[in-house]
Amino acid sequence: MSFLRSPSHIQASNFWNDIKLINEAVARRVIEPGAQLWNIPLKVREDIEGYHAMIGRIMAFTIELLELPRMSGSGKAEGMRGAALQQFLLNCDLVLGELEHRKLGEKERRNRSDELLMENLTAAWLGLYFLGVPFVHPWEKVRRLAVYRGGFPSGGCIAKYIGDVYRLARHRVALPDLPVARPSSCSQLDDINASAVLVLSHTPMVLLEDALTYRNDTYATPLSVHELGRRYALLQMMLYIRCGHPVHFLIPATALKQALHKLAGIPDDPGAIPTEAMLRRRVAIRSKIRTWLHETIFTSIAAGQSVRLLKFPLDASGMPTCVLGSKTGIYTLESGSEGLHFAGNELRDSLLGSYRDKLLGVLKLSNVVPAASQAGPRAVSLLDAGKVDEALKDV
Amino acid sequence: MHDSDHKAGFWTIKTSRGIVVYLALWLASLWLALNYYDYYVDNGHSAKPGEHYVWGAADTMVEKLSLDHAGKALGKLLRDAPAAHDTVRAHAADQASRESDPCAFARYVASQTALLPSPSQSENANRVVECEIGALRETIDDRTHPRQSLPGSLLKVLVVMAISWLWFHTFLLTNELKHALSRWRRHRVPLDTARFREAQQQAQADGCLRVVLPAIKTPRWREHRFFDHVPLALKWLLGLLSMVPPMVFAIAMHSVYEPAVFVMALVAIFVAAEHYGGLTDTEHELKDRTDELKSKVGTVLDADGLNEWRTELYGLYGNATDRVDAVIRYFDIDSAWWRCAGAADPWQEYQERCGCSNDADTLLSTLIRTAATVRFVSDQPLALLEGLARASSEERKEFFRALLGLAWNLVVFDMAYEDRVAKTFDGKAARFRIKISRAPCWMHVVDETVFQAIERGKEGNATVRQLTHDIANVDDRRALSGWARNNVQDFAQHGGRAEEYVFAVLRYAALDLHCQEEEDLALKRLLNQLGMKNYLDEPKQDFLLAAFDDVDERMNRSVLLSRDTAENLCTAVFSELLKRRLAKGNCFVEACATPSCTKLKHLLSELI
């Protein structure tokens, strides 16, 4: 039936097929034992036949995407460019139908046109990145649109931004404004913490492999872009950790419990009783945490790196989950099965500073051993191989 | 108004000089005229007593002026016209006949003497004849010009020269005074911000909520209508004053030559001087208008305009203390760099040149001087790269030039950073960075100065304007520059690192050449793929291709480079960038990349 499809539809569908292939290759290569992470693109190329033509296709599609206008306020873009946009939105829907047998419908795809555009652009960036020719242009447009929209769409875009936080932090250490000193004393450790990446996470990728493939039916684009985005974040996180740069993961125990529920497919509704299969799945996910954390992510542990399971509740005012570098960061809002379309935004300047202060406070608090002997420690370091299983027993 | 005039205030050296010259000329011409008068009288030009008594003569003239005389003359003119005409004709005929016959006068004298019958009568007659001869001599003396002596003539020439000069300067001075006056009327005492802030702090310290407004330093009274007429009055006043020396001269020479003729010459000088003054005035006006237009429209960015702007910008960069945020559309490459062609290591040569004082206008020496944080944003459209294989030779040239300029700037930024770090105690200094981002507005913000460039089609049509040019108020300047800076910073924030872009472009070029990841980097091949060949072949601003290198530093000489040298220089830019980036390194690549052996895959270290 391909002769019935318009050229732009063929282009879009080829593009999404390419992204899918890249995603599959990356999925294999990133977690390969002993993988040389810095030449992942070369490994990915090995797995993809005709990557040369693929780069050409993705570049051509990227140019098309870059030239697309944003939809005007009234929801109807005029003239030729409006027609191009309409065609693009239609193609998005058709591709979603081909790959996932879902449909957005005319109203929704019009309402979510910015989101669709941003996710397509992110996919283009990720595709080019994993093929070894990253050009900032598509992502730059995503960031511009995020300013208009007040945030990034859930899924791939947010994951890409999280990856960028690690990447930027790593590049900053590689080319510092000031020479980096390894910590040798307590006061220096404080200095190091000032430049450490701080993560407050409810569904941490550092613990849960299944978080990579988490699917949400409200996504407007095929799952491959969301997975690829998360794998990009994973890759950057691993690169950062392996370079020995400081990072602290803070995971509230209660939130981890819920995350396991969510990944096992147990519904939010407290009245609903989980099925046996769901519970089995939950246990399986939990049991994978140790190997994932110790054998895949932290192959070595450097000073200034920690993963803490917080036993005490964060204060009631709450705080969105976030990944904070020293120059830029992102907050994300995690929600139930319904999902949020724009669930995170970048943090800069003083807002970033206040978030960092808060998390550094939590970090300090988690180090304090309470006086009362009957109470357990406030936080458990999951990097202690012996303590992991015991610590996770309750969750 | 010229910029220099603006800065100097309303009273300029030119004004003072004009007044001094005028006064000197006035005194000189008066002195010469008086001297001539004295000389004339001394040389016994039989001036009758009281002949040069001006007031008496004026009195007599006024006495002789009467309505009766005028009426009589008018009557004669109108009524006796035919008769008078006849008399005149008869008299003329009589004279003509007398002159035509040389003996007529003798006969006339004889006929007169024949009328005298006796000796006593003849004695009488002798006396009469002597009287007559005396009267005749006097008439002849009166009516003929005296013999001119050389000193007298020279003196006269000097006087006339001095007077004509004086007249020219009269009009020049009136123009100058007119302009000075208009400057004075427009002159505003700038707000003393330090004092204003002090006053404000004082007010706040006193617990006063009222905002202290700066005293109004605008003298409104200078704009009064009364001053509109001052230039004309000045013109008349100076004109009258300048009449004095010529009057003296005219009186002195009135009996030597017809003063009316001299006055006519004077009038001619007057008219010429007036025109001359008017012309210089127009010239002045034109410059005024050009400056005014410039402040409104801006400098046109053709080759000259670009040079002018670059000089201005580099000057500002060098003195900037806070931040430089700029959107760059065209990365300049110093001509000093192309002149390093002969050196074994052109970058070292360039650095040495910038270190010494004679190449102070290069980018590197400017950046070494500056204390500011420098951030550039540049738009490098992806579509150009994607379509490079299909592009025309001209487009490929443009693409390569943009990439070359970017890479060149990155190297210079790194050098400047190294220099900056070396100067600090703790090794901590702000980096110079370039970001790639789509920046639709073309602005340069240097501390509190904002330049806005406007693109008009092809290059050479763009103009640049300093938006803060006319904003005297510090707060307004700060608000505008703050807004512009935020704008540029937002572009930078969204963008990616320029190094990453350059590396990605190189890897992208390697795709079409089917380079192997493990082979040594064939930089020249990659660059040719990106349009270096087209860049060298097409005409360009940076240098000219020639059979041999000629990098002489004579004025306004374009650099001549042979093809090989030019190619080596272009490659040196990129290889230096690679060397610097890979040496800094990423912890993964340290082990495998050495400057002598860079493989294609090593470029990934920058990209991952």
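These legends go with a handful of close-up views of the predicted model.

Local features are given where pLDDT is at least 70, side-chain atom pairs count only at pLDDT 80 or more, and totals for chains, interfaces and linings use all residues. Residues are numbered from 1 along each chain as its sequence is written, while chains are lettered from A and ligands numbered from 1 in the order in which they are written.

**View 1. Chain B as a whole.** Chain B has 23 helices and ten strands; these are DSSP runs numbered from the N terminus, H or I of at least four residues for helices and E of at least two for strands. Take the contacts in chain B with a separation of 6 or more: 73% of them link residues 24 or more positions apart. A contact here is two C-beta atoms, placed from the backbone, within 7 Å.

**View 2. The eight-stranded sheet of chain B.** This open sheet has mixed pairing and runs β1-β7-β6-β5-β2-β3-β4-β8; strands pair if DSSP finds at least two bridges between them. At the edges stand β1 (299–300) and β8 (496–497), each with a single partner strand, so one side of each has no neighbour in the sheet. Further in, β5 (residues 442–446) and β6 (residues 449–454) run antiparallel and are joined by five bridges. Look for B:Val445, which sits opposite B:Val450 in β6(B).

**View 3. The largest nonpolar core.** A nonpolar core is a set of buried Ala, Val, Leu, Ile, Met, Phe, Trp, Tyr and Cys residues joined through C-beta atoms within 7 Å. The largest has 194 residues, and A:Val197, B:Leu403, B:Ala407, B:Val502 and B:Val505 have the most contacts inside it. Helix α17 (residues 393–423) of chain B gives this core its largest share, 14 residues. Leaving out residues up to four places away in sequence, B:Val502 touches B:Leu403, B:Leu406, B:Ala407, B:Leu410 and B:Leu577. A second, separate core has 23 residues, among them B:Tyr40 and B:Trp167.

**View 4. Two positive phi angles in chain A.** Most residues other than glycine have a negative phi. A:His101, not a glycine, has a positive phi of about 55°; this histidine is in the loop between α4 (79–100) and α5 (106–111) and counts as exposed, with 7 C-beta neighbours inside 10 Å. A:Asp349 also isn't a glycine, yet its phi is positive at about 50°. A:Asp349 lies in helix α13 (residues 349–367) and is exposed, with 9 other C-beta atoms within 10 Å.

Technical notes: A residue is buried if 20 or more other C-beta atoms lie within 10 Å of its own, exposed if 12 or fewer, and partly exposed in between; C-beta atoms are placed from the backbone.
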